[in-house]
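Biologist: Please take one part of this structure and look at it closely. Keep it brisk.

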Amino acid sequence: MGKLQSKFRKRSELYRASQGEKSDSMFDSQVVNYEPAHQGSVNTVTNLSPDLCVSGGSDQAVVLYDWKQGRLCQSFQGHNREVTKVLCYPGSTWIFSASRDKTVLMWDLNQGDDPIQEFCGHELVVNGIAVSPEGRKLCTGSRDNWMCLWDIESAKCEQRHNISRNLVTHVCWVPGSSSVVQTSEDKTIRVWDSRAWQVTNTFPAKQYIQTHCDVSPNGNYLVSSSNGFGGQGCEATLWDLRQPGCKVVEYRGHIQTTACCVFLPTPPGGTAQVATSSHDGSIKIWDQNSAVCLGTLALDGAGPLVALAPTDSTGLLCASFSAGLHHIQVGPGSNQAQGSGAGSGGAGGLDIKVLARF
């Protein structure tokens, strides 16, 4: 990747020079503007390594970006509709991307710019992708009501299951397990056994569409987020996977759809935390167990904030509809007032601010 990074360094530096490394009035004056990763809205982002992220957007591109140095490293072109989800298999150079073109493509950073595998068979947009812990199976879910299990090496679909009205919105593989969790537009959360490819548990239906889910690293908890408006149904919910359907707490405070919810890495001696992002243009960080809001960041003018990816216990990447990607820092709170592009803490006193936009 060294040659690619060198190739794009000059272009990135020229862009930053033309921008004067200053942000516009939407954001705090100290926010650095880097070369944009995408043209148009960004739908999804995930981490590949401590300094590299992968994202996908309405421009149909899958982009590898060095967010610490602020430079685009590689752009993969293969989808012919917008990219809905991206996924990196930990410890590898594999990238998976789902799209409105009904396919999932697999890329390898060591094998050029062309996809090395294509998974075809869905009839509508693919919204969920997850890879098994050992890296042999790929799970996909779509608005066509199908949940599919593929052999990654052969790209053969080995299992398919259709459930009426199961318009899949997101898929997660439970760490160290044979279980897969998925959310749906039918307001339901389902747990699948990947060995039998059958639903083993169905959580009680929520009031609104379930938009996203994430599983804690220890596999004990699931957090899901809900569609909503006017403050109704805009919550995220913590569930205990050891007692399927057992609701632990709800995180309430967004006033529009909660589009994404993720567990944050717990700092040494710190408390477990959950982050959410919303169509209301805000990010909130919560105490996982008490559901107290520890801090809120409002990104005025960024539009719906549709995806989050933790970088470590002090940082987040956020994908937005109107203003690209953001690198966000989370730290102990202060009593100083913060302007646009920075957020003040709640009861827990966290300060949340944007460091860079790309």
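Modeller: Contact here means heavy atoms within 4.5 Å. The model is predicted. Start with Asp108, which sits in strand S8 (residues 103-108). Leaving out residues up to four places away in sequence, Asp108 touches Thr93, Trp94 and Ile116. Asp108 is buried and has no salt bridge. Its nearest side chain of opposite charge belongs to Arg136, and that is 16 Å away. What Asp108 does have is a polar contact, side chain to side chain, with Thr93 at 2.7 Å.

Trp94 leads on to Ile152. Ile152 touches Trp94, and also Arg136, among others. The loop that holds Ile152 runs between strand S12 (146-151) and strand S13 (156-162). Ile152 counts as buried because its relative accessibility is 3%, and the cut-off for buried is under 20%. Its other contacts include Phe96, Met106, Phe119, Val131 and Leu138, again not counting residues up to four places away in sequence. Lys137 is on that contact list too. Ile152 and Lys137 are 15 residues apart in sequence, yet their C-alpha atoms are 5.5 Å apart.

Now the wider setting. In soluble globular proteins, nonpolar side chains tend to be buried together. The largest nonpolar core here has 21 residues. Among those with the most contacts inside it are Ala275, Ile283, Leu297 and Ile328. Elements giving it two or more residues include strand S22 (258-264), strand S26 (305-312) and strand S30 (350-357). A second, separate core has 18 residues, including Val42, Val63, Tyr65 and Ala319.

Note on methods
Residues numbered from 1 in each chain as written. Predicted model: local features only at pLDDT ≥ 70, side-chain atom pairs only at ≥ 80, totals over all residues. Heavy atoms only, no water. Helix = DSSP H or I, 4+ residues; strand = E, 2+ residues; numbered from the N terminus. Buried < 20%, exposed > 50% of the residue type's maximum accessible area, 1.4 Å probe, protein only. Lys, Arg positive; Asp, Glu negative; His and termini not counted. Salt bridge = Lys/Arg side-chain N within 4 Å of Asp/Glu carboxyl O. Polar contact = N/O pair within 3.5 Å; in protein donor to acceptor, adjacent residues only side chain to side chain. Core = buried A, V, L, I, M, F, W, Y, C linked by side-chain atoms within 4.5 Å.
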